[in-house]
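Let's walk through this structure together, one piece at a time.

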Amino acid sequence: MINKTAIYVLWLREVKRFLRAKSRVIGALAMPLFFLAFLGLGFRKMSIPGMSGEVDYIRFLVPGIIGMSILFSSTFGGLSVLWDREFGFLKEIMVAPVTRVSIVLGRILGGATTALIQAILILGISFLFGFKIVSISSLLLALAFMTLIAITFLGLGLIFASKMRDMQGFSIVMNFVIFPLFFLSGALYPLDNFPVWLRYISKIDPLTYGVDGLRAVLIGVSSFSTLYNFVLLAVFSSVMIVLGAYFFEKSESV
Amino acid sequence: MREHAIKVDKLTRKFNGLVAVDQISFSVKTGELFGLLGPNGAGKTTTINMLSTLLKATSGYGEVAGYDISKNKDDTRRSIGVVFQETALDIKLTGKENLEFHAMMYGIKKAERKKRIKEVLELVELTEKKRVLVENYSGGMKRRLEIARGLIHWPKVLFLDEPTLGLDVQTRRHIWDYIKKLNKEGGVTIILTTHYMEEADFLCDRVAIMDQGKFVAMDTPVRLKDILGGDVVSMEIEGEADLLIDQINSLDWIKNMARHDETLSLTMEKGERRIPELIHIARENGVNVTCVHLRKPSLEDVFLHFTGRTMRVEEASQTERNLAMIRARMGRKR
């Protein structure tokens with residue numbers, strides 16, 4: 001059922017490609033860092049309603065930006081199946097005698113690894129902006145949350161990839177899926193300020209629990225408990241990975 | 001050893017009601033080099049995609065190396081190598097890394113892998129370029145790398161979809177030599193598609209001519225050409241030709257004659273040996289021959305014979321059909 005070598009080599013390919021594409025790494029880091037720098041500095045002195053007084057905006061913002069970075073890179077990672085289709089390499093993968101589940105797992109592992117590398121880089125740089133975490137052990141918990149966020153949105157990307165023939169629908173996914181998910185998650189502001197109906201919509205956005213969970217473990221301030229966030233996110237990621245694998249398997253590769 | 005490497009019975013593929021491959025049946029013997037020849041859009045690639053498990057057949061049965069292509073996909077996949085029409089390499093990896101990726105996907109163990117990659121790189125003469133990123137390869141190098149890759153896991157059957165498309169004449173010759181060598185020395189059963197007549201003619205033991213999803217003829221290139229009755233000698237003539245034509249018609253080795261204005265087209269065997277005689281007869285009848293042209297029949301003529309159209313004309317009309325097919329496929333995905 002599972003071909004370990006195949007999963008490993010698919011993972012290895014993603015990581016190699018990522019490390020070789022210096023411009024891709026820089027490009028992927030630029031936007032979250034700009035958000036962090038300009039929003040962080042711009043709102044530095046502001047007191048934001050709905051946020052407990054003792055938290056600086058920059059401390060509030062960093063987990064949100066990490067969540068954002070993983071959201072973007074993972075969804076793209078799932079959609080990268082379309083690039084492989086465009087460049088023909090998907091056929092080479094699909095004609096190999098390995099189970100389709102292994103192919104999905106390899107892709108998800110590879111995508112999650114590159115998303116996590118970016119997230120960790122952002123976390124590292126955020127210390128330069130004066131970001132502080134509650135304890136060293138919280139880093140491990142944060143990694144767990146980051147992984148779950150990555151898996152969730154890789155699954156989402158795979159679902160979209162299997163429903164699209166080429167990259168033409170890309171901007172639609174970007175504008176009508178990724179950005180709303182980002183804004184609904186409370187990455188930039190506390191969700192308590194939302195009107196009630198919008199808060200309900202936020203609750204079906206997996207990133208809400210990802211960002212809140214990261215806040216809980218990194219800065220110790222959150223709307224929900226760590227466990228609550230973790231369980232919900234684990235459910236979301238399992239559902240997405242299964243759906244992503246299902247749709248990937250059903251779609252024809254040529 | 002199994003007698004047939006491939007057996008296909010009434011294999012059909014439809015895209016939203018448009019029939020791309022229409023109930024084709026054929027079998028390929030183990031060790032044979034079999035060609036699918038036809039214009040773009042005839043259904044060759046769809047056939048290959050079905051046999052290599054990338055596309056599901058709408059109906060019909062296919063068997064590759066003894067495995068049912070729809071029920072036994074993993075065993076089918078293990079038994080075949082495929083070189084796709086469009087490049088299917090990861091251009092951000094080196095040549096060697098592409099081969100390693102493939103070998104690992106096919107579960108070849110490390111020691112064996114190293115040895116085998118070295119072997120196939122030598123076979124296609126890319127050993128010196130193995131550490132270069134594929135994006136810096138030329139078209140011919142990419143093709144060679146793909147052929148090498150298709151061979152790593154010792155496939156019983158190798159599919160080559162338009163293996164020389166877009167390559168220059170010299171590189172094409174080179175690739176042809178590899179293909180011949182693989183088949184004759186390596187004993188690999190090869191199925192190739194092409195829309196180059198001379199390629200099918202030069203390489204294939206047997207050729208199926210495909211048009212609009214169906215086989216219109218299937219035989220050895222020699223026998224297919226024999227159907228046309230031999231060489232065509234065209235003569236441009238000056239003067240009163242009626243007497244000459246009568247006399248030519250009475251010759252028993254002339255199989256066919258047609259006249260267009262000042263040109264006579266004569267079908268016969270061993271045309272080159274008959275030309276002096278024809279000129280002699282013309283002189284005797286007071287007709288001056290100003291130009292002689294000898295044409296050996298190509299598979300192009302065979303295609304014309306069976307479909308009533310030339311491949312070029314066919315490709316123009318196929319464009320409409322292809323567009324409709326693409327629209328149907330896009331619609332299927334939305």
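**Helix pairs, chain shape and a sheet**

In chain A, the axes of helix α3 (residues 57-86) and helix α7 (residues 170-184) come within 11 Å and cross at roughly 150°. Axes here are lines fitted to C-alpha atoms, for helices over the stretch in contact, and angles run from 0 to 180 degrees between N-to-C directions. Helices (H or I, at least four residues) and strands (E, at least two) are DSSP runs, numbered from the N terminus. α3(A) and α7(A) are therefore roughly antiparallel to each other; angles under 35 degrees count as roughly parallel, over 145 as roughly antiparallel, 65 to 115 as roughly perpendicular and the rest as oblique. The crossing of α3(A) and α7(A) is right-handed. A crossing is called left-handed if the near helix is turned anticlockwise from the far one by less than a right angle, and right-handed if clockwise.

Before going on, please note that this is a predicted model, in which local features need pLDDT of at least 70 and side-chain atom pairs count only at pLDDT 80 or more, while totals for chains, interfaces and linings use all residues. Residues are numbered from 1 along each chain as its sequence is written, and chains are lettered from A and ligands numbered from 1 in the order in which they are written.

Which residues of α3(A) and α7(A) meet? On the α3(A) side they are Met68(A), Leu71(A), Phe72(A), Thr75(A) and Leu79(A), and on the α7(A) side Phe170(A), Ile178(A), Leu181(A) and Phe182(A). Residues are in contact if their C-beta atoms, placed from the backbone, lie within 7 Å. This contact divides into 8 nonpolar, 1 polar and no charged residues. In this scheme, Ala, Val, Leu, Ile, Met, Phe, Trp, Tyr, Cys and Pro count as nonpolar, Asp, Glu, Lys and Arg as charged, and the others, Gly among them, as polar.

Now find helix α6 (residues 137-163) of chain A, whose axis comes within 9 Å of that of α5 (residues 100-126) of chain A, with a crossing of roughly 130°. That makes α5(A) oblique to α6(A), and their crossing is right-handed. Their contact has 11 nonpolar, 2 polar and no charged residues.

α6(A) also meets helix α10 (residues 226-250) of chain A: the two axes come within 8 Å and cross at roughly 30°. α6(A) and α10(A) are therefore roughly parallel to each other, and the crossing is left-handed. By class, this contact has 16 nonpolar, 5 polar and 1 charged residues.

Stepping back, chain A has 10 helices and 0 strands. Its radius of gyration (taken over C-alpha atoms) is 18 Å, close to the 18 Å that the globule rule gives for 254 residues, so chain A is as compact as a globular protein of that length. That rule is 2.2 Å times the number of residues to the power 0.38.

How many residues of chain A are in contact with chain B? There are 21, and they touch 24 residues of chain B. α1(A) gives the most to this side of chain A, with 7 residues.

Chain B holds an open sheet of 4 strands in the order β2-β1-β4-β5, with antiparallel pairing. Two strands pair if DSSP finds at least two bridges between them. β2 (18-29) and β5 (67-68) of chain B stand at the edges, each with a single partner strand, so one side of each is left without a neighbour in the sheet.

Terms used:
Two residues are in contact if their C-beta atoms, placed from the backbone, lie within 7 Å.
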